[in-house]
Amino acid sequence: MKRIWTAIAVVLVLVLAAPALAVTLDEARQAALEHAGLTAEQVTFTARHADREDGLSVFDVEFFADGAEYDYEIDAETGAVLAFDNDLADGAAGEPVDAEQALAIALAQAGLSMDEVRVLKTESDLEDGRQVFEIEFLHGGAEYECEVDQATGRITGWDVDND
């Protein structure tokens with residue numbers, strides 16, 4: 001009988017000590033859709049699950065829309081988009097951009113201006129068969145990484161590391 005009570009006590013401690021997720025999986029899915037400018041009717045979800053990334057509780061949300069694949073990492077505590085990536089369909093609409101315009105697009109995504117950051121890298125690269133600008137910059141204690149499609153000016157990758 002003592003073993004049963006000990007087991008119950010251990011389970012209670014584990015349940016009570018585990019951090020409660022402030023965001024549900026459906027809310028994480030909705031945050032990703034809103035960020036992508038899409039609705040649930042426009043996409044096919046391929047994965048939605050809770051995970052741990054760099055010590056944080058996150059939701060991985062993946063879906064397809066119009067031939068493009070989207071991959072999001074959503075903070076399970078706040079619902080914020082921590083990282084995203086999308087592989088554009090061939091023929092995606094947009095205007096070609098140069099390196100300076102790509103940097104401006106990345107800074108706008110971060111809500112920052114040129115005088116607030118230290119740019120580490122702006123270079124051209126081939127990613128998944130498409131020419132992109134890889135942009136890295138620092139602001140405060142965060143390192144931002146952004147990929148901007150050269151043919152369309154669309155952001156195809158985004159990550160913020162707060163280490």
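## Sheet, helices and core of a predicted model

Mentor: In this predicted model, eight strands form an open sheet with antiparallel pairing, in the order β1-β2-β3-β4-β8-β7-β6-β5.

Trainee: Which strands stand at the edges of the sheet, and why is one side of each left without a neighbour?

Mentor: The order of the open sheet begins with β1 and ends with β5. Each of these has a single partner strand, so one side of each has no neighbour in the sheet. The edge strands are β1 and β5 (118-127).

Trainee: What does the twist average from one strand to the next?

Mentor: The sheet has eight strands with antiparallel pairing. From one strand to the next, the twist averages 15 degrees.

Trainee: In what order do the elements run from the N terminus on?

Mentor: The protein chain has three helices and eight strands. Listed from the N terminus on, they run α-α-β-β-β-β-α-β-β-β-β.

Trainee: Which strands does α2 lie across, and at about what angle does α2 run to β2?

Mentor: α2 lies across β1, β2, β3 and β4 (81-87). α3, for its part, lies across β4, β5, β6, β7 and β8, at about 50 degrees to β6. For α2 and β2 the angle is about 55 degrees.

Trainee: How many bridges join β6 to β7?

Mentor: These two strands run antiparallel. The number of bridges joining β6 to β7 is eight.

Trainee: Are the rings of F45 and F63 stacked or edge-to-face?

Mentor: The aromatic pairs come to six. F45 and F63 form a pair with centres 5.6 Å apart and 70 degrees between the planes. An angle over 60 degrees counts as edge-to-face. The pair is therefore edge-to-face.

Trainee: How many residues apart in sequence are the parts that this F45 and F63 pair ties together?

Mentor: F45 lies in strand β1 (residues 44-53), while F63 lies in strand β2 (residues 56-65). The pair therefore ties together parts that are 18 residues apart.

Trainee: What kind of pair do the rings of F63 and Y70 form?

Mentor: Both F63 and Y70 are buried, F63 with a relative accessible area of 0%. Their ring centres are 5.0 Å apart and the planes are at 15 degrees, so the pair is stacked.

Trainee: Which residues form one aromatic cluster?

Mentor: F63 pairs edge-to-face with F45. The F63 and Y70 pair is stacked. The cluster consists of F45, F63, Y70, Y72 and F84.

Trainee: Is E73 buried or exposed?

Mentor: E73 sits in strand β3. Beyond four places in sequence, E73 touches E53, V58, F59, D60, A80, V81, L82 and A83. The cut-off for buried is under 20% relative accessible area. At 17%, E73 therefore counts as buried.

Trainee: How much of the protein chain counts as buried?

Mentor: The accessible surface comes to about 9600 Å², with 52% of it belonging to carbon and sulfur atoms. The chain has 163 residues, and the buried share is 34%.

Notes:
Residues numbered from 1 in each chain as written. Predicted model: local features only at pLDDT ≥ 70, side-chain atom pairs only at ≥ 80, totals over all residues. Heavy atoms only, no water. Phe/Tyr/Trp six-rings, centres within 6.5 Å; stacked < 30°, edge-to-face > 60°. Helix = DSSP H or I, 4+ residues; strand = E, 2+ residues; numbered from the N terminus. Buried < 20%, exposed > 50% of the residue type's maximum accessible area, 1.4 Å probe, protein only. Pairing = 2+ DSSP bridges. Axes fitted to C-alpha atoms, helices over the stretch in contact; angles between N-to-C directions. Contact = heavy atoms within 4.5 Å. Areas by Shrake-Rupley, 256 points an atom, 1.4 Å probe, with all protein chains shown as cover.
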